[in-house]
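Trainee: I would like to learn how to read single residues and residue pairs in a model. Please take me through some cases.

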Amino acid sequence: MYFIANWKMYGNTNSLNTLNKVIKFSKSKEINKGRIIYCPPFTLISSFFRKFQNCLIDIGAQNCHESDDYGPHTGFINSRMLKNIGANYVIIGHSENREKGETNKLINQKIKSALKANLKVIFCIGETLKEKKNGKTKSVLLRQIKKGLNKISKKKNCFIAYEPVWSIGTGKVPKLKDLEETIKFIKNKFGKKKPKILYGGSVNPKNINDLKTIKDLDGFLIGGASQNSKKFIDIIKKTYN
Ligand code: PGA
């Protein structure tokens, strides 16, 4: 199972100390088959990379520019630069960026550039509360998948993170029955080579006992709770207990 920590726009150099507990845990038997990936803000990627040098914790970024080439794009960072400083993953299509105008087309370009730079992609999809209430969940997800992965053949390097927008940072998670159905729906949209499917949205040490029972899930994308090492470790431990 994958446990991906999305730190969003939190953390500074003082946060590095909080990683000690997780590093220790990652070397213990309790980690079991868990794989940890941290996605800190850009400013901390290099420091996290150095910190994780002697353990198996991996690093990702939270976004990238759509071009994998260098160019006159003030304030942006491309996938090649991320790979160069030690990132192996990148989150693309997070709803917090879609909200700011990131379109499916732009997301598709970003995914292509990330794959070209040999990054693995954590591709986020999810419906808003309004879309859910209008019974549009499946059609929204299908559109996001089709457009986001348009003309992409190397799908095995794309993880799909199902994150209902209404459940991010709200403490609300979908009913287990609904979640299981949605995960199955997403998986069935792919042929023989199924991508890894993650769930994200208010995952915490309390609800993990329920969430871990969802069939066919390959891991979790964890925001708020991942910034607290104790909670993050608790989530992983409970997944295997
Ligand atoms: P959350 O965030 O766990 O704080 O809900 C998840 C995410 O945005 O990836």
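Trainee: Which residues is Ile 122 in contact with?

Mentor: Contact means heavy atoms within 4.5 Å. Leaving aside neighbours within four places in sequence, Ile 122 touches Ile 4, Cys 39, Tyr 89, Val 90, Ile 91, Ile 92, Phe 159, Ala 161, Leu 198 and Leu 221. Ile 122 belongs to strand β5, residues 120–125. Helices (H or I, at least four residues) and strands (E, at least two) are DSSP runs, numbered from the N terminus.

Mentor: A word on the basis: this is a predicted model, in which local features need pLDDT of at least 70 and side-chain atom pairs count only at pLDDT 80 or more, while totals for chains, interfaces and linings use all residues. Residues are numbered from 1 along each chain as its sequence is written, and side-chain values use heavy atoms, with hydrogens and water left out.

Trainee: Is Ile 122 buried or exposed?

Mentor: Buried means under 20% relative accessible area, exposed over 50%, and partly exposed in between (1.4 Å probe, protein chains only). Ile 122 counts as buried because its relative accessibility is 0%. Its C-alpha atom is separated by 9.1 Å from that of His 94, 28 residues apart along the chain.

Trainee: What does Ile 168 touch?

Mentor: With neighbours within four places in sequence set aside, the contacts of Ile 168 are Lys 8, His 94, Ser 95, Glu 96, Glu 163, Gly 201 and Ser 202. Ile 168 sits in the loop between β6 (158–162) and α8, and at 15% relative accessibility Ile 168 is buried. Ile 168 and Ile 222 are 54 residues apart in sequence, and their C-alpha atoms are 9.4 Å apart in space.

Trainee: Lys 8 is in that list. What is the phi of Lys 8?

Mentor: Lys 8 has a positive phi of about 50 degrees, although Lys 8 is not a glycine. Lys 8 lies in the loop between β1 (2–6) and α1 and is buried, with 17% relative accessibility. Asn 118 is another residue other than glycine with a positive phi, near 70 degrees; Asn 118 is in the loop between α5 (104–116) and β5.

Trainee: Where is His 65, and is His 65 buried or exposed?

Mentor: His 65 is placed in the loop between β3 (58–61) and α3 (79–84). A relative accessible area of 9% makes His 65 buried. Not counting residues up to four places away in sequence, His 65 touches His 73, Phe 76, Ile 77, Asn 78, Lys 110 and Ser 113.

Trainee: How many salt bridges does a search of the whole structure find?

Mentor: Side chains of opposite charge can pair when their charged atoms come close. A salt bridge is a side-chain nitrogen of Lys or Arg within 4 Å of a carboxyl oxygen of Asp or Glu. The search finds eight.

Mentor: One of them joins the side chains of Glu 30 and Lys 237, at 3.8 Å from N to O. Glu 30 is in the loop between α1 (19–26) and β2 (35–39) and Lys 237 is in helix α10 (residues 229–239), so the pair ties together parts that are 207 residues apart in sequence. Glu 30 is partly exposed at 44% relative accessibility, and Lys 237 is partly exposed at 28%.

Trainee: Which residue does Lys 187 meet in a salt bridge?

Mentor: The side chain of Lys 187 meets that of Asp 218, at 3.4 Å from N to O. This pair links distant parts of the chain, with Lys 187 in helix α8 and Asp 218 in the loop between α9 and β8, 31 residues apart. Lys 187 is buried at 12% relative accessibility, whereas Asp 218 is partly exposed at 21%.

Mentor: Lys 215 and Glu 180 also meet through their side chains in a salt bridge, at 3.5 Å from N to O. Here too distant parts of the chain are linked: Lys 215 is in the loop between α9 (208–211) and β8 (219–222) and Glu 180 is in helix α8, 35 residues apart. Lys 215 is exposed at 58% relative accessibility, and Glu 180 is partly exposed at 28%.
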